[in-house]
Amino acid sequence: MMTVRAVNTCYLLRSGSPPPLSSFCCRFNHFSSLDLSRGYGLQLRLRFPALRGELVNFGHGGVRSCCFHSLLESAMAELASYGRRRRVPAVAVKLTSSGELLDDKPGSQTLVEGLLLEFKKDSDRLLLAVAQKPDGKKNWMVYDQNGVTSSIRPQQITYIVPGVEKFDQTEISSFIQKAEDNLDPSLLEFAWVELLENNKSVTAEELAEVDEFMIKNLAKEAADRELNEFLQLLKSAKAMPSHAKPPKSSWMIEEKFQSKIQSIEAYAIDEFTSEDQKKTAGEILKAMGMTKTSSSAVNLLIAIGYFPVHVNLDLLKLNIRTDHSEEMNLAAENMLSECPDPDHFERQDLTHLKVYAIDVDEADEVILEAMRRATSVFLPTATYPMFPEKLAMQGMSLKQGEICNAVTVSVVLNSDGWLFLLLTILLCWCTSIAEYSVDNSIIKPTYMLTYESASELLNLNLEEEVELRILSEAAALRLRWRRQQGAVDTQNIETRIKVVNPDDPEPSINLYVENQADHAMRLVTEMMVLCGEVIATFGSQNNIPLPYRGQPQSNIDVSAFAHLPEGPVRTAAIIKILRAAEIDFRKPIRHGILGLPGYVQFTSPIRRYLDLLAHYQVKAFLRGDSPPFSAGQLEGAAASVNMQTRLIRKLSSTSLRYWIIEYLRRQPKQRRYRALILRFIKDRVAALLLVDVGFQASAWVSTGSGIGDEVRVKVEEARPREDYISLKEAL
């Protein structure tokens, strides 16, 4: 026979002939809870494992073995320890050897109206009731769960629910139903038997502490099972071949695994959101037999296919945006379809002039908020431009043979003859500026050329392309004139890398070394410098706030470097003594390196945000409007933009270096490289420029070699992930 007792909203159960639970072990795989906090006084929650005996089936199957006796004993031991630290007055629940559940002499307690109690209706029934009023000297009238009012003797009362006063008798049925909804009799039977067999005495609060202790243990065991499951997934993914590894998105499906994989990623890039995240990642690495380091986290994520082999960690650390929102795309489309050209009637028609558009072959412009990005990001693996694709490619880019809007900078230099260049610059045989104008225009690009194709066209010296040859000659004259004004030539060689399928373990690497002294590159450079000088002059004469760039070191004695070979060796020596550029937003300042009285970057408004701001200022003036930005506002914007620009330059530099080292790692061991000695670092250890790949490194060189000499080196070891390369002179 089973007896049920209510404790706040919980039933305790006992049996007249319980099975000896301490004699066998049980399995469990979930827990049931009895919520004792339904608003009836003392908050109490009982929670026990759902058990299945090896010999007797009491319910659900399980996944872990444990002894219930041991579990309860540990809980009681914890309670005893806790009780010594913290004692709370409570109603004691005692078990007699006959199995009776008694409080501390409830018959001797003072009954008051509204108490919730349990009483013996007869030998077979226990009922819940609410005390109504005294009935004579000792008896009390009670209203029971069946709606019957009767008089009971004190000896019939078996339990008074602690902490409950003025209980509403109409709520008894609801009270019982809520308890039954959370009841698993088999669980409480086990607990009851253990208390009975050991003649234990516990208070209601101590029963709640049993719950807390068990919750902690069960939560720990659940967390351990979850961790083990995750570890098995990691090991399984590691063992798979590269082509079969699960995609990154698969780790994000289940929240419990998503948080763990994200903790490892945070460990890899040293960007934790909490100490718990760091602790979780450390536990996973330890369980996988790995050291608790960021490099271990990176290696693990690569091994399971979450990261590609050549993941760009700096891109993740800097949180550079590589996509753009639907809102931005929609805004770009609206600008193209709904925004009229405010300068339509003021544009000069220059479509009859020949226009050469020269750029790198990867100048696609695609991206998000221009000011936050500050500049387009050009990496060996991808290009992340500053504007959404449709706006950049349709509304802001030049297209061969199509009519395009432009800002034209026309220039007459101090000589005779006329020419016209893309970016819409009119010039003549070149020295200083004699006349200039800045206008909105429409043009029709004749050619869209890469630097390579422009150089090839120049070398062919075709009669029908005489304009391109004249432009190249004009650029050379213009450079000569700037040198006379104190310009410092910092020509060098520049490396470009294009990585195809960068997520592959062995992607294709295409490396190009460009000499900045190349005719096509000189041509474009000189025309951009000329355009910047004109805009600075235009802004100064019309009091337009602009980002005027300058370089204060205008008295460099170039002759001090005359003993060095012209080119990369001399440039490297000069660059080491240069000071940082400055910006003034009110008036031009001298740019000593360029040899100009003033300079404004103006030629890349879809790649550099400050160029875009310069266009806003100039175009407003051309329309007769006030400039949209004051000098102070430009300065504030530049502070944010320049910080982001520095980060992106560092990102581009480290990414380029990584892929050059990876390129060198793949080359045959017997390959030899030409290297120029730039300077000596210490003793015979020299800074070298590998001419074949445009890469600077260091190596020991033999006695007799000097600055500017060429030596041959080989690659001993290259580890791009560690930014490590070892060179050795090939004697």
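Mentor: A residue is called buried when its relative accessible area is under 20%, exposed when that value is over 50%, and partly exposed in between. The model is predicted. Y306 has a relative accessibility of 3%, so Y306 counts as buried. The value for F307 is 4%, and therefore F307 is buried by that cut-off.

The stretch before these two residues leads up to them. Helix 7 covers residues 294–303, and its buried residues are S296, A297, V298, L300, L301 and I302. As a general point, an α-helix has 3.6 residues a turn, so residues three or four places apart point the same way. Just after helix 7 comes G305, with a positive phi of about 90 degrees.

Now the rings themselves. With ring centres required to lie within 6.5 Å, the model has ten aromatic pairs. One of them joins Y306 and F307, with 5.6 Å between the centres and 40 degrees between the planes, a tilted arrangement. Another aromatic pair is formed by Y356 and Y447; this one is stacked, at 5.5 Å centre to centre and 20 degrees between the planes. The Y356–Y447 pair links distant parts of the chain: Y356 belongs to strand 15 (residues 356–359) and Y447 to strand 22 (residues 447–450), and the two are 91 residues apart. The partners fall into separate classes of accessibility. Y356 has a relative accessible area of 2%, so Y356 is buried. Y447 has 25%, which means that Y447 is partly exposed.

Elsewhere, ring pairs connect F230, W251 and F257 into a cluster. Y512 has a charged neighbour: R496 lies over the face of the Y512 ring, 5.1 Å from the ring centre.

K120 stands opposite L126 of strand 9.

Key
Residues numbered from 1 in each chain as written. Predicted model: local features only at pLDDT ≥ 70, side-chain atom pairs only at ≥ 80, totals over all residues. Heavy atoms only, no water. Buried < 20%, exposed > 50% of the residue type's maximum accessible area, 1.4 Å probe, protein only. Helix = DSSP H or I, 4+ residues; strand = E, 2+ residues; numbered from the N terminus. Phe/Tyr/Trp six-rings, centres within 6.5 Å; stacked < 30°, edge-to-face > 60°. Lys NZ or Arg CZ within 6 Å of the ring centre and 35° of its normal. Pairing = 2+ DSSP bridges.
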